[in-house]
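Subject: Handing over a structure

Hi,

Here is the structure I promised to pass on. Please open it first, then read my notes below.

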Amino acid sequence: MSPTSAGRARSGTLPEPQVQAMFDRIAGVYDVLNSVMTAGLHHRWRERAADLAAAGPGDRVLDVATGTGDLAIELKRRVGDGGEVIGSDFSERMLEIARAKAPELTFEHGNALDLPYDDDSFDAATVGFGARNFAELATGLREMERVVRPGGRVVILEMTTPARPPLSWFFQVWFDRVVPLLGRVAGDPDAYSYLPNSVRRFPDARGVGAAMVAVGLRDVRWILTAGGIIAIHVGTVEAS
């Protein structure tokens, strides 16, 4: 990564092609580092996001920015053999790992800002730890809202910055020191500078909720968990 790109990584901003390349690079260590950084709790958070999607047997669900597919796999448990879950991501290397983990699911290359699906074609759409990587949050949310039928749900699972000590102190130490150290061990320090800083520049829970309302979602609400580090938002697509 060039010095200019490294500086952008530390600010939590990168052009879309560089974000895509970054996730291709770290795909092989992504699952392991996720488990280390969250003490394995990310699986529980994905379960709660799947609960809020309210997907049931026979439903069709889209998981945007699916990464290595963990949220898509959790959703498949809800929709059963008669349902369908599609995982979409712009990192082909991430998708390769997802396909190896769950060959029974459909994983497709796609850009969250221009989803290749028809209007009203899913019963729910989710994104887990990927919304902060959208080059334009409003556009990504608008696309998710577009492809979900009226009455269906849009769910966002994302990290957020805690505002109050002592958790805010812990967050600062963890993300300023421990996470970049893990990145150096993994061989990609710039990526693991970008990731925590992308959390800092992302809107807080209230801001994400406002962005969801702005694209037309209704009944928007959110849950803060893990002491305020994790926010799970849900909104309903309004009837035409």
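At what angle do the axes of helix α2 and helix α5 cross? Roughly 30°. The helices in question are α2, residues 16-38, and α5, residues 92-101, and their axes come within 7 Å. Bear in mind that this is a predicted model.

**The α2 and α5 contact**

From α2, the residues that take part are F23, D24, I26, A27, G28, Y30 and D31. They meet E92, R93, M94, I97 and K101 of α5. Sorted by class, this contact holds six nonpolar residues, one polar residue and five charged residues.

Helix α2 also contains M22. Is M22 buried or exposed? M22 counts as buried because its relative accessible area is 0%, and the cut-off for buried is under 20%. M22 and D190 are 168 residues apart along the chain, yet their C-alpha atoms are separated by 8.8 Å.

**The chain as a whole**

The protein chain has nine helices and seven strands. Of its 240 residues, 54% are buried. Now take the contacts with a separation of 6 or more: 69% of them are between residues 24 or more positions apart.

**The sheet**

In what order do the seven strands lie? The order is β3-β2-β1-β4-β5-β7-β6, in an open sheet with mixed pairing. The edges are β3, residues 106-109, and β6, each of which pairs on one side only. On average, neighbouring strands of the sheet are turned by 20° against each other, direction ignored.

Look next at β1, residues 60-64, and β2, residues 84-89. These two strands run parallel and are joined by five bridges. R60 stands opposite E84 in β2. D63 stands opposite G87, also in β2. Strand β2 is mostly covered, with five of its six residues buried.

Helix α9, residues 205-214, lies across β5, β6 and β7. Its direction is at about 160° to β6.

**An enclosed helix**

After α4 comes G80, with a positive phi near 70°.

Most residues other than glycine have a negative phi.

- A39 has a positive phi of about 55°. A39 sits in the loop between α2 and α3, the latter being residues 42-53. A39 counts as exposed because its relative accessibility is 68%, and the cut-off for exposed is over 50%.
- A226 also has a positive phi, near 55°. A226 is in the loop between β6, residues 217-225, and β7, residues 230-237. At 30% relative accessibility, A226 counts as partly exposed.

**The cavity**

How many cavities of 30 Å³ or more are there? The count comes to one. The largest cavity has about 30 Å³ of space.

Which residues line the largest cavity? The lining is E158, M159, T160, F202, P203, D204, A205, V208, A231 and H233. Three elements, β5, α9 and β7, each supply at least two residues of this lining. By class, the lining has six nonpolar, two polar and two charged residues.

**Where to start looking**

I would take the views in this order.

1. Start with α2 and α5, whose axes cross at roughly 30°.
2. Then follow the open sheet from β3 through to β6.
3. Move on to α9, which lies across β5, β6 and β7.
4. Finish at the lining of the largest cavity, to which α9 supplies at least two residues.

Best wishes

How values were computed: Residues are numbered from 1 along each chain as its sequence is written. This is a predicted model: local features need pLDDT of at least 70, side-chain atom pairs count only at pLDDT 80 or more; totals for chains, interfaces and linings use all residues. Side-chain values use heavy atoms; hydrogens and water are left out. Axes are lines fitted to C-alpha atoms, for helices over the stretch in contact, and angles run from 0 to 180 degrees between N-to-C directions. Helices (H or I, at least four residues) and strands (E, at least two) are DSSP runs, numbered from the N terminus. Contact means heavy atoms within 4.5 Å. Ala, Val, Leu, Ile, Met, Phe, Trp, Tyr, Cys and Pro count as nonpolar, Asp, Glu, Lys and Arg as charged, and the others, Gly among them, as polar. Buried means under 20% relative accessible area, exposed over 50%, partly exposed in between (1.4 Å probe, protein chains only). Two strands pair if DSSP finds at least two bridges between them. On a 1 Å grid over the protein atoms alone, a cavity is a set of points where a 1.4 Å probe fits but cannot get out, and a pocket is an open set with protein on both sides within 12 Å along at least five of seven lines; lining residues have an atom within 4 Å of a point. Grid points are joined across faces, edges and corners, and a volume is the space filled by probe spheres set on the points.
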